[in-house]
Amino acid sequence: MTIVVTGATGPFGRHAVESLLARGVPADQIVATGRKIEKIADLGVRVRHADYDDPATLRAAFEGAEKVLFVSGSEPGKRVPQHRNVVEAAKAAGVSLLAYTSIVNAGTSDLILAGEHQATEQLIAESGLPHAFLRNSWYYENYDFAGAVENGLFGASGDGRISAAARPDLAEAAAVAVINGEARVYELGGPGFTLPGLAEEISKVAGKPVTYTDLSPEKYAEFLIGVGLPEGGAAVLSDADRGAALGQLETSPADLEKLLGRPATPVSDAIRAAL
Ligand SMILES: NC(=O)c1ccc[n+]([C@@H]2O[C@H](COP(=O)([O-])OP(=O)(O)OC[C@H]3O[C@@H](n4cnc5c(N)ncnc54)[C@H](OP(=O)(O)O)[C@@H]3O)[C@@H](O)[C@H]2O)c1
């Protein structure tokens, strides 16, 4: 059996490859792909160059693949044509499972970020390939815990619950889902927090009070631009907080914990590691 992992040069894909190995998949049955493949020479698995913008590289990278773990690209605005290339290459290879890292609640979400994931899910469904959607909620790694200790935590999600999880947990769950090979939708998140609750958790770990300031999405976008984010990135993040206030980043931890076979990593561990 050959499992191809795309985006293996990023932290999510790298951890997924390490999890496949840890769960007993032989190294010669794993193909790790990406553009900057010099970053993954140390993984000890087969490595192939694959660029989502270049269909020929994808076709070559997927040769002999039985399953593909398709890690979504990181260039918002370009992802639908890029992802179409990946789906077409998987179809040409005739894979028995195409597992795609989507966004939590993709079926109903109106987040700006959800649009490209929804379009990709549709391309995959239309391909007729057996598929799994790994609909990930927020990574803990999106938060600057050390910065929050210095300056307080800012956001626009009010009391909305965010089912964030550790990126390595989500990647490990993706690896298990690919090994299991079930064609289904997973909604993947941790036990979660509200941002006022997160400020309390950070306070406990840091041993000093951390405040949470809730802003309107417009003011939060201005705040993010003020701390150096480009306008587009600020718009996407403030929109995500707008949706989070409505529960769009919330899900049960059941799917994640079932795949992991253990409780999800608590946010306090991630805060401790970051501080
Ligand atoms: N749920 C969340 O909170 C959250 C947060 C951030 C991102 N994400 C999504 O999750 C994905 C994985 O997360 P991550 O933290 O590992 O992201 P990351 O560090 O941005 O890594 C992105 C990966 O995608 C690959 N990639 C991007 N464009 C590509 C292209 N044109 N052709 C081939 N490979 C391409 C990169 O390969 P190279 O480095 O070799 O170019 C890299 O391996 C991201 O790409 C994004 O879609 C989710």
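Is Gly 94 buried or exposed? Good morning. Gly 94 is exposed, at a relative accessible area of 53%, where exposed means over 50%, buried means under 20%, and partly exposed is in between, computed with a 1.4 Å probe on the protein chains only.

A word on the model before I continue. This is a predicted model, in which local features need pLDDT of at least 70, side-chain atom pairs count only at pLDDT 80 or more, and totals for chains, interfaces and linings use all residues. Residues are numbered from 1 along each chain as its sequence is written, and side-chain values use heavy atoms, with hydrogens and water left out.

To return to Gly 94, this residue is found in the loop between α3 and β5. Helices (DSSP runs of H or I, at least four residues) and strands (runs of E, at least two) are numbered from the N terminus. Gly 94 is 18 residues from Pro 76 in sequence, and their C-alpha atoms are 27 Å apart in space.

I turn now to the ligand. The ligand sits in the largest pocket. A pocket is defined on a 1 Å grid over the protein atoms alone, as an open set of points with protein on both sides within 12 Å along at least five of seven lines. A molecule sits in a pocket if more than half of its atoms lie within 2 Å of the pocket's grid points.

Which residues come nearest to the ligand? Of the 25 residues around it, they are Thr 9, Arg 35, Tyr 52, Ser 72 and Gly 73; a residue is counted here if one of its heavy atoms lies within 4 Å of the ligand. Helices α1 (11-22) and α3 (79-93) each supply at least two residues of this shell. By class, the shell has seven nonpolar, 10 polar and eight charged residues. In this scheme Ala, Val, Leu, Ile, Met, Phe, Trp, Tyr, Cys and Pro are nonpolar, Asp, Glu, Lys and Arg are charged, and the others, Gly among them, are polar.

Next come the polar contacts, that is, pairs of N or O atoms within 3.5 Å. A nitrogen atom of the ligand lies 2.7 Å from a backbone N or O atom of Tyr 52. For Gly 73, a polar backbone atom is 2.7 Å from an oxygen atom of the ligand. Arg 79 uses its side chain, with a polar atom 3.2 Å from a ligand oxygen. The protein covers 83% of the 880 Å² of accessible area that the ligand has on its own, by the Shrake-Rupley method with a 1.4 Å probe.

Two buried residues also deserve a mention. Thr 57, in helix α2 (residues 55-61), is buried because its relative accessible area is 14%. A polar atom of the Thr 57 side chain lies 2.6 Å from the backbone oxygen of Asp 54. Asn 105, in the loop between β5 (97-103) and α4 (114-127), has a positive phi of about 60° although it is not a glycine. Asn 105 counts as buried because its relative accessible area is 17%.

Finally, I move to helix α7 (residues 195-206), which holds Lys 204. Lys 204 is exposed, with a relative accessible area of 62%. Between Lys 204 and Arg 272 there are 10.0 Å in space, C-alpha to C-alpha, and 68 residues in sequence. Thank you for your attention.

Definitions and conventions:
Polar contact = N/O pair within 3.5 Å; in protein donor to acceptor, adjacent residues only side chain to side chain. 1 Å grid on protein atoms, 1.4 Å probe; cavity = no way out; pocket = protein on both sides within 12 Å on 5 of 7 lines; lining within 4 Å.
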